[in-house]
Amino acid sequence: MNLGKYIFGIREEDFRRATEKERNDQFLSYNLLSAMYFILVIFSTVAGGCYGLLIFQDWALAIPSAILFGGICFVLLLLVLFLNLTTGDAWLYNTMTDMTTVFNRHEQEDLSHASNHQLHLIVESHEQEIRTASMASPDTTPTVSMIFVSIIKLTLLLIISCAVANGMELWMFQDQINESLSTIKTQMAPIQSGILNQWTQEMLDPPVHGEFTFIHCQSPLMTWEILAISLGPTKVLIDMLFYCLFLIPFILVRKSRQYAHGAYLREIAIRDISISYMSFLLTQRKCQQLEEEIKQTPPTVS
Amino acid sequence: MSNRSDILRLSSLLFWATLTVLILFMLPGLKNGLYNKEKANLWAEAMMDTLKQDTLTPPPLPFIRPSKNIEIQWSWRDYHENRHEIRFTVSPKDSARAVDYRNDYNSLFNIRQLYMDFIKVSKGPLDSLCKAMKMDIQSKNLTGQEVLDYVVSCIQTPPYTKITNRNECPCFDMNNYWTDECAPKDDRTGCCNNVTPFAVYTPTEFILQKTGDCDTKALIAYAVLKKLGYHAALIVGEAGTGKHAMLALTGVRPVIQSQVVRNNGRIYYPWEVTNKYAEYKLGNMSMWPNWNNWEVICD
């Protein structure tokens, strides 16, 4: 199944020039990445639902919360993944971002009589040239801006994973938390006065017109405090596991050669370069044709 | 190339392994082992100690979170000592809504807007009160001034309570001692602290606990009379003891002629609603030493 098609838009025709092995490797890599991504989105949606239930104590509002939080994570994770999907071949990267050298080759060349087929051949031969050159191209060197952007992406991922981890922990330990809350409520009963007592009792009482549907407490902060105290260092461990889960795809895309130096990104980059190149040549030809036409037509005064 | 390919394998292995560990954590047996109930109980005990040491008295707002419909019964006597009694209900949702709305109210750019918002949020209880009043009025065949006396004497009957948005009570103010009891007291010394944002209760809160000062009482009287079809207004101005709010009516004949407020070509007669005294009748303001800068806020 081509999972990568739905997220990264991978199509069979992108690998026309790639070898069979390269093609299979690429499909595997992107399918793997898509599967990871789907799992993270599912976790985010479940966590969103937990937050919705914790805050609203109502399924009717928890479901939209789950969809909203899942949707936000879907978009942000996709953004981070796509931002990381940049070709690692310095030569290809530089050609794509600045095509002046390629265009300069045709500055003095007369293209006014060149046919579409001839232009296409020029582009195709250039395509092949890039493909060969990119095989021996050095890696792109990190710049200050790239490091800065990476820090922002990492922070964003850590925030998302922290939110998801806490939501999932509530879901995982809801029965245990409810037991603790019930103990607190029973112990509180003899205390009758005090603002703090009144507040705590209000937090442990079900909402007006309803029952608790998830955690038996109306205060998310109180719930987290109980969770953190009861789990102790285990909470940190579970948090770390969630951080790992979110960071692995990010690191994978950055570090694995299957992505930055893979056939998919290379072919996509070459296709983009070719489109720009072909457009340049067509424009250049039209300019020269118009120039000739102007020269041949004497100026008239009406 | 092969080294880099290993990263793919290693990372994916790590991802699925992490996922498996997390799924294992979700198994009931392991969950119970990880969750230390003892620690939660110790925390609860420590919290109980803190709660026991907390001697601050909470504000007496018994209506904050009722779980079922609240049955309200009001009985009072009008200026002619005729006894009236009405019964109606307020839903817990409406009561909680009004209290929460006032507590969370944060737009204080316009006092008129605040009064109108408070009336709007109290629609349910006000409708219920007006329905009960209308039925009683119809059964007793009351008309004109009798209806006005009926409504205003009802609002005047619960003794005045000082309302403050700070933590002032108990205190000595306006030549009177105010206790820290937030309830209508016969000796008129009830005082409510921390009624934010503007020391005014919503009509719902007045209906539920009958505590109110000048603007709380004037507001509910204004809202009820408006719903009953009278040209009522809420007026604010200087009465010699600071800012004061009163009910006002236009298109009626005053019972006791004194000062008036003119607005948009209409003449409004003031009506003091804070307490039920013989001289607190339509048109009379002579209980106050001054009458400056009075204006119609809601009409």
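Two residues are taken to be in contact if their C-beta atoms, placed from the backbone, lie within 7 Å. In this predicted model, contacts of that kind link 40 residues of chain B with 42 residues of chain A. On chain B, the elements that give two or more residues to the side touching chain A are α1 (2-25), α2 (28-34), α3 (37-53) and α4 (92-103). Of these, α1(B) provides the largest share, with 13 residues. Classified by residue type, the side of chain B that touches chain A has 22 nonpolar, ten polar and eight charged residues.

In chain A, helix α2 covers residues 20-56 and has 37 residues. From its first C-alpha to its last, α2(A) reaches 53 Å, which is close to the 54 Å expected at 1.5 Å a residue. Just after this helix, A:Q57 takes a positive phi of about 55°.

Chain B also contains an open sheet of five strands, arranged in the order β9-β10-β8-β7-β11 with antiparallel pairing. In general, strands of a sheet pair through backbone hydrogen bonds, either parallel or antiparallel. The edge positions of the sheet in chain B are held by β9 (261-263) and β11 (292-298), each of which pairs on one side only. On average, and with direction ignored, neighbouring strands of this sheet are turned by 40° against each other.

The crossing in which α6(B) passes α9(B) is right-handed. On the α6(B) side, the contact is made by B:L126, B:L129 and B:C130; α9(B) contributes B:A223, B:V224 and B:K227. By class, this contact has five nonpolar residues, no polar residues and one charged residue.

Definitions and conventions: Residues numbered from 1 in each chain as written. Chains lettered and ligands numbered in written order. Predicted model: local features only at pLDDT ≥ 70, side-chain atom pairs only at ≥ 80, totals over all residues. Helix = DSSP H or I, 4+ residues; strand = E, 2+ residues; numbered from the N terminus. Nonpolar A, V, L, I, M, F, W, Y, C, P; charged D, E, K, R; others polar. Expected span 1.5 Å × (residues − 1). Pairing = 2+ DSSP bridges. Axes fitted to C-alpha atoms, helices over the stretch in contact; angles between N-to-C directions. Left-handed = near helix turned anticlockwise from the far one by under 90°.
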